[in-house]
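Please look at the sequence and the structure before going on.

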Amino acid sequence: MSNLSNANAHHVKRRSPLHHTVYFLHCTLLHSPTISFSPTSPPPHLLRLPLRGVRESPTMAVPAGPRAVYVALFRVFTGALITLLHFTSAAPGRVGSSAQSLLQPYDLLYYSGVRSYFGSEWANAAEQLEKAVITKESLSTVRRLCHGECAAAGKDAFHQLDAAGGSLWDLWAVHWVQRKAECLRFCIGRSVTPAAQLPVSTDIEYEFNTRNAYNFLQVVYYKLEKLQKAASAAHTYFVANPSHLEMRNNIEKYRRMEGVTEEAFQDRELENERHWVLYDSAVQSEASSDWVQASEKWKACVNKTLWQTDECRVQCEVTPRRLPEDRGVESNDGVFEKAAALSLSLLSCRQSCVTQVATRPGRLSSQEDFLPTQLEHLHIAQFKAGDLSGAVQTLRSLLLFYPSDKDSLDNLQLYYETLGGDAESPGTQPAQEIVAYISRALEEKRLLYFGVENLDFSFTDPDLWTPEDVVPESLRNDWRAEKEKINDKLKEGEQMEEVDESGFFSGGPVLQTGVTITMDDQLMNGTNRVVLDGVMTEKECDSILQLAKAAASAGDGYRGRRSPHTPHETFEGLTVLRAVQLAQDGMVNQSDARLLHELGERVRELLHSYFRSPPDLFTSFTHLVCRSAIAGDQEGRLDLSHPVHVDNCLLEPETNQCWREPPAFIHRDLSAILYLNDDFDGGELFFTNRDAKTITARVKPSCGRLVGFSSGPVNPHGVTAVTSGRRCALALWFTKEKMYRDMEREEAELMWAADGKSVAKKDGEKPEGGAPPARNARSQAPTERSRGRGRVTGGKDEL
């Protein structure tokens with residue numbers, strides 16, 4: 001009760017201990033603070049008494065004891081339950097709107113679109129499915145706006161609560177709840193039909209959570225020959241279903257179709273994922289050591305994360321839901337038990353928003369400690385950008401989550417010493433938004449754990465930072481055991497870092513004369529890594545360097561961006577096919593183009609033998625790349641020529657995770673770099689652990705030196721800054737899957753075989769899909785296969 005005001009505490013003292021708990025729960029719901037990290041954040045949403053159903057379906061048995069216990073404990077929620085039942089069953093009122101102008105049930109629109117799809121009524125299917133997507137978003141917007149509009153409803157009754165006593169207090173509470181419910185009912189009824197206000201089925205929730213509407217839409221738009229829209233729908237679906245092989249095939253085909261531009265491949269659901277866009281952008285700024293930009297982006301990411309969390313919490317309150325399982329109208333529970341289940345389920349829904357916001361689209365698990373992790377990045381970026389006051393404020397905010405963290409306390413002491421007398425200025429105090437976030441979360445957790453201990457309620461805490469004293473003593477042993485399990489899993493994840501599941505096993509024979517093993521796994525402190533020398537002669541290095549000088553294009557592979565990784569260097573590239581085309585036009589020597597092609601096969605044979613690869617190993621991509629230091633732009637440089645990354649998955653150093661999903665090239669199995677020169681400064685290849693910080697091996701380039709390694713998460717790597725000169729190398733990737741082989745190499749070979757006559761490409765490939773998408777969000781359409789897969793245009797060099 002220490003969190004209550006003096007007036008409220010005095011009022012509570014007149015009540016029994018159980019009613020005391022009721023009042024605490026009531027005040028938590030009424031006085032939960034607003035969250036917004038800055039004055040410019042979107043409008044906040046106040047927290048209200050539970051007027052809706054539950055997000056989860058916990059079971060809750062009635063404990064033994066006098067019924068008066070329940071009457072006293074949950075009397076305040078009687079009005080909430082009655083209002084909820086009335087709201088979800090009665091037709092809401094409407095003012096001045098025709099039925100045609102109101103939002104229709106989006107589940108009905110969706111089913112209508114699916115029926116049209118099965119009937120091959122493509123235009124109507126597109127219209128109904130688009131309406132379903134738009135209506136669902138519009139309905140959330142209406143609910144959010146009405147929540148804000150009704151924030152002050154019943155305020156006069158609310159102010160009577162502290163002065164009321166006995167049954168009058170309960171009557172004022174019911175009056176306050178009813179006034180707010182009536183306001184919401186009236187407000188939403190102005191824009192939404194009665195049917196559209198009812199809860200949707202779990203099947204519909206699944207369809208929209210998996211974005212299956214876009215699965216249908218990409219086929220529909222293809223049938224309507226609207227390829228831009230088809231590509232956009234395919235991309236949007238694929239973001240949330242990155243393992244869907246057929247959709248990946250379709251996207252690559254759309255990329256090669258005439259009339260489809262890069263702008264088509266945009267995520268239509270991006271607005272709900274802005275915090276992830278900011279997160280990734282901030283990480284990139286960090287990798288480039290642009291600390292001012294990193295600081296700004298991390299702060300924006302924190303703001304957006306808080307806002308998204310608050311948005312989710314609002315939807316928990318205003319979305320009509322059914323009662324928890326076993327709490328329906330026909331159950332034996334009384335009205336107070338139903339109100340208890342409803343109230344605790346609302347709190348559980350609010351708490352689950354932490355997990356929802358911290359889960360990327362297409363992933364099953366959330367990122368642990370998502371908000372504290374952002375604060376940790378932010379205070380470091382602020383410190384390195386020179387914003388010491390901001391760094392102290394952010395670090396103090398972080399310490400609210402983990403008050404005894406040694407590293408944070410050491411950093412705080414460092415910041416204090418640097419700031420001197422300004423260490424206690426108002427601008428260095430913890431952000432009030434984070435203070436409110438912590439306070440609100442702890443109050444809700446206490447109430448939920450009370451429900452777990454006394455009411456047989458089921459609750460899974462989404463946070464690792466929850467302090468032990470929040471958990472009742474009777475639950476602490478189980479709570480500690482769960483935390484130990486989580487820690488064990490984290491340790492297992494760290495150990496798995498050393499396990500390479502690529503199917504390669506280093507140590508095989510080196511069959512080419514003159515090639516020697518310079519470094520192996522042991523010398524490189526890793527798994528499936530090797531450095532071979534003598535793969536090229538000096539003359540061959542000179543020939544390829546001349547080819548690069550004559551034919552490499554600025555920004556090749558990066559849509560013409562001259563400096564894709566760092567503003568301090570320029571990037572040039574050349575593919576085998578382009579070299580052959582230039583040779584046939586007389587622009588470069590035919591022998592140099594053939595040597596470029598032959599080197600790829602030479603490297604493939606060497607690594608195929610050394611890594612004891614499966615029988616089939618195909619060249620996936622070959623790229624001649626040069627990085628040149630920009631003169632006069634190197635002083636004080638701290639960034640990398642290429643940030644630490646993994647070739648076939650998305651590395652998350654904060655969590656030691658590596659996600660095998662686009663935009664990573666998940667089909668790459670083996671990586672290689674064949675160096676051409678050493679007359680430059682910097683440009684060393686280095687390997688790290690998954691933390692992207694702990695360097696395990698370094699390789700200095702030289703003519704004819706080949707570095708080979710498996711492309712997966714055991715081999716994060718980067719390139720140090722090229723501070724002078726021009727570093728050139730041949731980057732190669734290999735795959736075990738024939739469908740991902742480099743079609744450009746085959747086209748070059750066909751051009752040679754045809755005596756200089758180009759082989760025409762097959763155009764007009766159709767995306768896969770003509771039968772309906774399956775219930776499990778996977779298309780089961782009969783596929784129309786092309787003769788092979790081409791490389792996606794714009795593929796990035798990753799070495």
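Q: Which residue with a positive phi follows helix 16?
A: Helix 16 is followed by Gly386, whose phi is positive, near 95°. This is a predicted model, in which local features need pLDDT of at least 70, side-chain atom pairs count only at pLDDT 80 or more, and totals for chains, interfaces and linings use all residues. Residues are numbered from 1 along each chain as its sequence is written, and side-chain values use heavy atoms, with hydrogens and water left out.

Q: What makes residues 370-384 a helix, and what is the span expected at 1.5 Å a residue?
A: A helix is a DSSP run of H or I with at least four residues (a strand is a run of E with at least two), numbered from the N terminus. Helix 16 has 15 residues and reaches 22 Å from its first C-alpha to its last, close to the 21 Å expected, where the expected span is 1.5 Å times one less than the number of residues.

Q: Why is helix 16 called largely enclosed by the rest of the structure?
A: Buried means under 20% relative accessible area, exposed over 50%, and partly exposed in between (1.4 Å probe, protein chains only). Because 11 of its 15 residues are buried, helix 16 is largely enclosed; among them are Phe370, Leu375 and His379.

Q: Why is Ser120 called partly exposed?
A: Ser120, found in the loop between helix 5 (106-118) and helix 6 (122-149), has 44% relative accessibility, so Ser120 counts as partly exposed.
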